[in-house]
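Good morning, and thank you for coming. I would like to take you through one structure, which I will now put on the screen.

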Amino acid sequence: MSETDISDELQMMMRMGTVSSSEWQAYTWKNELAVQKSRIIQLIGEAISDDETEHNPYHMLERAIGIAAVCMRRLLECRLVTDRFRDSQLTVHEVYRKKDGEWREPFFRNTAGEIFNNYDLTSRHRKTSSPKIISDKMLHARVIGILSGSVYMPDGLLIASDTQSRKQLFHFTSAEIAAVFDAFLTDRVRIEADGYVGEGTIEVFAKRD
């Protein structure tokens with residue numbers, strides 16, 4: 001490349017301005033997730049005890065769950081967790097849709113409409129699910145409710161996405177939902193590797209240990 005070509009290219013680059021950026025960081029999303037974890041635990045407690053508060057705990061709970069889910073998704077999508085954690089299975093409990101009985105579609109304005117008609121709230125079933133699936137379901141929550149005073153299941157949070165809700169709900173006690181958040185918060189990436197899959201290819205890889 002001649003000196004003239006280099007000069008022309010430099011001038012072109014200067015006319016285009018600059019783009020400043022950084023690398024994705026885990027602490028920004030983890031800090032916010034930790035805040036929302038505390039709020040969710042507090043709000044579940046307020047809803048169950050029917051405390052008098054200046055805010056509506058159910059409204060604040062919907063907001064906190066949405067923000068927490070975004071934080072979880074960003075940690076996964078930006079590869080800010082280890083590959084081992086990303087591919088792991090976390091413990092959840094599911095409440096199944098009633099086998100008998102006619103399904104009643106809840107009104108859009110209700111966060112837990114027709115819940116006793118549609119689901120078998122006499123039992124929950126221990127399952128496992130990936131961090132991505134859990135965060136996806138929380139982000140797209142169609143059902144958000146608080147179960148309390150049941151002789152069949154412990155007090156806790158009922159939550160399901162729009163597609164999930166036709167089959168089952170997640171049920172979490174306060175300790176169980178805290179454990180899901182803690183799994184994200186305690187995971188630490190210590191070794192990072194990024195590169196191209198092969199010579200001459202545009203496909204890239206990322207490894208996180």
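I shall speak about a helix, then an arginine, then several salt bridges, and lastly some backbone angles. Please keep in mind that this is a predicted model.

Let us begin with helix α3, which covers residues 57–77. This helix has 21 residues, and from its first C-alpha to its last it reaches 30 Å, close to the 30 Å expected at 1.5 Å a residue. At its N-terminal end sits a cap, formed by asparagine 56. A side-chain oxygen of asparagine 56 lies 2.9 Å from the backbone nitrogen of tyrosine 58.

Which residues of α3 are buried? They are Pro57, Leu61, Ala64, Ile65, Ala68, Ala69, Cys71, Met72, Leu75 and Leu76. Viewed down the helix axis, the buried residues fall within an arc of 160 degrees, so they line one face of α3. Their packing partners are α2, α4, α6, β3, β4 and α7.

Strand β3 spans residues 141–147 and contains arginine 142. Arginine 142 is buried, yet it has no salt bridge. How far away is the nearest side chain of opposite charge? That side chain belongs to glutamate 105, and the distance is 4.7 Å.

What the side chain of arginine 142 does reach is backbone oxygen. The backbone oxygen of asparagine 110 is at 3.1 Å, and that of phenylalanine 107 lies 3.2 Å from a polar atom of the arginine 142 side chain. Leaving aside residues up to four places away in sequence, arginine 142 touches a number of others, including Pro106, Phe108, Thr111, Ala160 and Asp162.

I turn now to the salt bridges. How many does the structure hold? There are 13. In one of them, aspartate 182 pairs with lysine 37, the closest N and O atoms being 2.6 Å apart. Aspartate 182 lies in helix α7 and lysine 37 in helix α2, so this pair ties together parts that are 145 residues apart in sequence. Aspartate 182 itself is partly exposed, with a relative accessible area of 28%.

Helix α7 takes part in another such link. Arginine 124 and glutamate 176 meet in a salt bridge at 2.8 Å, N to O. Arginine 124 is in the loop between α5 and β2, while glutamate 176 is in α7, so the two parts joined here are 52 residues apart in sequence. There is also a network, in which salt bridges that share partners join Arg73, Arg74, Glu77, Lys132 and Asp136.

A further salt bridge stays within one helix. Aspartate 83 and arginine 86 meet at 3.9 Å, N to O; both lie in helix α4, three residues apart, about one turn of the helix. Aspartate 83 is buried, at 14% relative accessible area, whereas arginine 86 is partly exposed, at 29%.

Finally, the backbone angles. Just after α3, arginine 79 takes a positive phi of about 55 degrees. Aspartate 50, in the loop between α2 and α3, has a phi near 55 degrees and counts as exposed at 65% relative accessibility. For glutamate 114, phi is near 60 degrees; this residue belongs to the loop between β1 and α5 and is partly exposed, with a relative accessible area of 33%.

Thank you for your attention.

Key
Residues numbered from 1 in each chain as written. Predicted model: local features only at pLDDT ≥ 70, side-chain atom pairs only at ≥ 80, totals over all residues. Heavy atoms only, no water. Helix = DSSP H or I, 4+ residues; strand = E, 2+ residues; numbered from the N terminus. Buried < 20%, exposed > 50% of the residue type's maximum accessible area, 1.4 Å probe, protein only. Lys, Arg positive; Asp, Glu negative; His and termini not counted. Salt bridge = Lys/Arg side-chain N within 4 Å of Asp/Glu carboxyl O. Polar contact = N/O pair within 3.5 Å; in protein donor to acceptor, adjacent residues only side chain to side chain. Contact = heavy atoms within 4.5 Å. Expected span 1.5 Å × (residues − 1). Arc of directions from axis to C-beta.
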